[in-house]
Amino acid sequence: MRVPNPPGALSRETLFSFTLDRPTQYLPFRTYIYPPLIAMAPSLQPHVTSDSFFHTTSPPRPVSSNSPATPVIVYFISGNPGLISYYYPFFTYLSAKLQSLSSKQKKDHQFHIYGHSLAGFEVHSPLPTHYHNVEDQIRFIQRKLDSFVQATTQPSPTTNVRPRVILMGHSVGTYIAMEVIRRHRERSTSDHSNTGGFDIIGGVMLFPTVMDIASSPSGKKLTTLLSIIPPLALVVSVFARILTTLLPDFALRTLIKLFMADPPSQAIDTTCAFLKSKRGVRQALHMAADEMRIITTDKWSDDVWGIASSSSSSSRNRDGEGNDLSTTAASLPARMFFYFGRNDHWVAEKTREEIIEAKSMARGKGGKTPTMVVCEDGLPHAFCLRHSEVTASKAAGMVMDIIAD
C-alpha cells in the first residue's frame, strides 16, 4: 500500500545500503523534503554502513524555517559483540514507528537516530592498538556522542533551546549509557563547558545488565570458563581464525545458521563479518571478562537512575511549546525506562527484582522515578536477531513518553 505524502512535501524513495561480505542489502525508508530545519554538516549525512547508522525522520507536517523543530537525538549503544549492523532491522522499525507516533502529536518532532559499532568491533577500520575494556568503551561513546551532536546541529541564535538527547542501550550498552549520563551530569556541574551544548533528557535501557552480571546464568558460566582457561579470549580467537580460514564461505554460513538456529540472513552476514575480523572475537571476550569484574554493585546516585524529589521535578521552566528553558535543565534527572526480560540469561532473576524493589521505594517520596517494566511477551535478550519489530514498537513508545514529559 502506498503511503500518502504529507501536505506540502515532495516525496522521495530512498534506499540505504550496507555491505559486509555479501551482496548489498537494502533497508527502505521514505523521506520527505521540507525547508531546512537543522543545519547539518555535509560530512555527516544520513547513511547506513557496516559500522554506522544514521537516519533522520521528517516532521509529519510542513514546518516554517522561522520556527524550526528542535532535534531529538536517539543515540543507540549496542551490546557485546558491539557490531551495530546487528541492529539495522531494529533501527528500520524504530524509525518508522517514531515517524508514525510523531504524526499523531500536536507538536512536530524530528528525530536523529544514530548508532556506531563499539571500539574494536569496526569491520572496516585500521586495527586498534589494543583491546578495549568497558572504560574504553565509555570514553569512546562520550567522544562519539559529543562529535555527533556538534556535526548535526548548530545553536540557534534567537533561542536558548538546546539539542535533546535520549540514550538507548542494549545489554552492556545500558551500563555504558548510565556511565555516560553520570559523567555528563558531573561535567554540567563541575565546569563551564556548556556540557557539550546538549541535554540528556532520557534513557531507554533494553534488557539492562547494570548490576551483578556475574551472578546471571551466562555470567556464572563465563566466570567458570575464565577461571579454568585464563587466556580464553586468545584461545577462542585462534580457533575462530582457523575455522574461517579453512571453511569456504558457504560452509561457514551453514555452520552459523545451524548454531544460531536459522537466524535472518542479515544476522548471518554480520556474524560472518565478526568471525572473519582480525580482532573482533578476542575483543568481545576481552570486554566480556572485564564486564564480569566491573558490573557488580550499584554505582550511581538516585539522579542518574532518574529519581528526583517532588520539588526538583516540578521546577522546570517551559515555553509555550513545552521546551525546557530552565538554566538548570541539565541538572534535572533524565526520564529513565528499564525494560527487563524474564528469564534473561544475562540478568539474574534475583538481581532484577532487587533493582526494581530498591528503585520503586523512591515512589513514596512523591517525586519522579524510573519506569521499570518486566517483559511478559517472551522476548529474548538478543532481541535484535528475530524480535526487532516488537521491541522497536515498545522502545518508540518510551521515547515518545520521554519527550512528552
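1. The second largest cavity of this predicted model is lined by Gln142, Leu145, Asp146, Val180, Arg183, His184, Arg187 and Phe198. Two elements each give two or more residues to this lining, namely helix H2 (134–152) and helix H3 (172–190). H3 makes the greatest contribution, with four residues.

2. The space in the second largest cavity amounts to about 50 Å³. By type, the residues of its lining fall into three nonpolar, two polar and three charged. When the whole structure is searched, two cavities of 30 Å³ or more are found.

3. In the lining of the largest pocket, 27 residues are nonpolar, nine are polar and two are charged.

4. The next point concerns the nonpolar core. The largest such core has 98 residues, and Phe90, Met168 and Trp305 have the most contacts inside it. For tryptophan 305, neighbours within four places in sequence may be set aside; the residues in contact with it are then Met178, Val210, Met211, Asp298, Trp300, Met336, Phe338, Ile355, Lys359, Pro370 and Met372. The student may wish to locate these residues around Trp305 in the structure above.

5. Is histidine 116 buried or exposed? Histidine 116 has a relative accessible area of 10%, and it counts as buried because this value is under 20%. The residue lies in strand E6 (residues 110–116). With neighbours within four places in sequence left aside, histidine 116 is in contact with Asp51, Ser52, Phe76, Ile84, Glu122, Phe140 and Lys144.

6. How many disulfides does the structure hold? The number of disulfides is zero.

How values were computed:
Residues numbered from 1 in each chain as written. Predicted model: local features only at pLDDT ≥ 70, side-chain atom pairs only at ≥ 80, totals over all residues. Heavy atoms only, no water. Nonpolar A, V, L, I, M, F, W, Y, C, P; charged D, E, K, R; others polar. Core = buried A, V, L, I, M, F, W, Y, C linked by side-chain atoms within 4.5 Å. Buried < 20%, exposed > 50% of the residue type's maximum accessible area, 1.4 Å probe, protein only. Contact = heavy atoms within 4.5 Å. Disulfide = S-S within 2.5 Å. 1 Å grid on protein atoms, 1.4 Å probe; cavity = no way out; pocket = protein on both sides within 12 Å on 5 of 7 lines; lining within 4 Å. Points joined across faces, edges and corners; volume = space filled by probe spheres on them.
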